[in-house]
Structure formats: C-alpha cells, structure tokens
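Colleague: Before I use this model, could we go through a few of its local features together, one question at a time?

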Amino acid sequence: MLFRSLVPSGDDLAGGLAWVVEDCLTRSVALSAAERRSLVELAKHVQPMLYAGAGPARLAHCDFNPKNILVERVSGTWVVRAVLDWEFAMSGSPLMDVGNMRRFRADYPAAFNEAFAAGFTADELARSDGWDLFALADLLTRSQDHTLFEPVVAVVRQRLKEFS
C-alpha cells in the first residue's frame, strides 16, 4: 500500500520517489545507464518539493487526461459532464492528476495547455511534474511493444534534458 494515511507526508511512500524509480528501473529495458542514473538524480532532486504546501489527501483519478473527460458545449461554453475510467483512483495529491494531464502536453493544442496551466501556480506545475515521475517510472516497466512505451520514454528523455 502506497499511502498509510490520508494526510500526506514525506514518509507516506516507502523509500520515497528515488526508491520507486530505482525499483522500476530494475524491471525496465528502457533508457541507457547514464539516463537511468540521471532519472534517479532527478527523483532525488524533486522528492523534497512533492509535499510542500500539500493539504490533506484527496481522491486522485491517476489517469486524468483528455480521453477520460466527457465534455459538452452548452451556450458557447464547454462543460465537463463526466470523468471516466477510475480504475487507478487512489487517495493522494491532486497534483498527481495535474501531472498526468501534462504528461503528453506536447501532443495537445497550445491553447489547451495554456488554459489548463493557467489554473495553477508555477510551483504547483513543477510539483505535478514531480508527482508524475511515479507514474512515468511505472510505465517504463511496460514491454517495448506496449503503445505507451515509446511515448513515455520520449517524455522521460525530455524531462532529463530539461533537468540537466
């Protein structure tokens, strides 16, 4: 169990982000040795900021992205009608969902990205990308023929490039 309490703290995740990343990399064929080391360093770097300003844990969807949001245009305004596909939901930081939404932002229209990001501070966006490293590390354990394998590797490499 990842979370033992509904109040997030630095101790909630056994071993922390760097430990999770290292563990996932032992089961992954992705990334070079240098990239693996850099990903662990990135995880160590962002770990302290994950819980900064975190309030109580809330319901996190953990697969929050455009394909799981049903919207309808009503009187010229888009209205969310439903959020679908709750199989990965858990108690955690709402920033997990923000990170998930931003994971493949290069594939979304600029106006969508700008409007979504406008709802958050720069600090929250940075922390959301940190939270998303948990999911990215897990996704790196998928087989090379999984549809998300190459896109995830590309996102990880982009994050490493931004970190260095």
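Colleague: Is Asp85 buried, partly exposed or exposed?

Modeller: In this predicted model, Asp85 sits in the loop between β3 (77–83) and β4 (90–92), and its phi is positive, about 65°, although it is not a glycine. Its relative accessibility is 30%, and the class in between runs from the buried limit of 20% to the exposed limit of 50%. Asp85 therefore counts as partly exposed.

Colleague: How are α3 and α4 oriented to each other, roughly parallel or roughly antiparallel?

Modeller: Val98, Met101 and Arg102 in α3 meet Phe112, Phe116 and Ala117 in α4, and the crossing of the two helices is left-handed. Their axes lie 11 Å apart, at an angle of about 165°. Angles over 145 degrees count as roughly antiparallel, and α3 and α4 are therefore roughly antiparallel.

Colleague: Within what arc do the buried residues of α6 fall, seen down its axis?

Modeller: The buried residues of α6 (residues 149–163) are Phe149, Val152, Val153, Val155, Val156, Arg159 and Leu160, and they pack against α2 (33–46), α3 (95–103) and α5 (122–139). On the other side of α6, Glu150, Lys161 and Glu162 are exposed. The buried residues line one face of the helix, because seen down the axis of α6 they fall within an arc of 160°.

Conventions:
Residues numbered from 1 in each chain as written. Predicted model: local features only at pLDDT ≥ 70, side-chain atom pairs only at ≥ 80, totals over all residues. Heavy atoms only, no water. Helix = DSSP H or I, 4+ residues; strand = E, 2+ residues; numbered from the N terminus. Expected span 1.5 Å × (residues − 1). Buried < 20%, exposed > 50% of the residue type's maximum accessible area, 1.4 Å probe, protein only. Arc of directions from axis to C-beta. Contact = heavy atoms within 4.5 Å. Axes fitted to C-alpha atoms, helices over the stretch in contact; angles between N-to-C directions. Parallel < 35°, antiparallel > 145°, perpendicular 65-115°, else oblique. Left-handed = near helix turned anticlockwise from the far one by under 90°.
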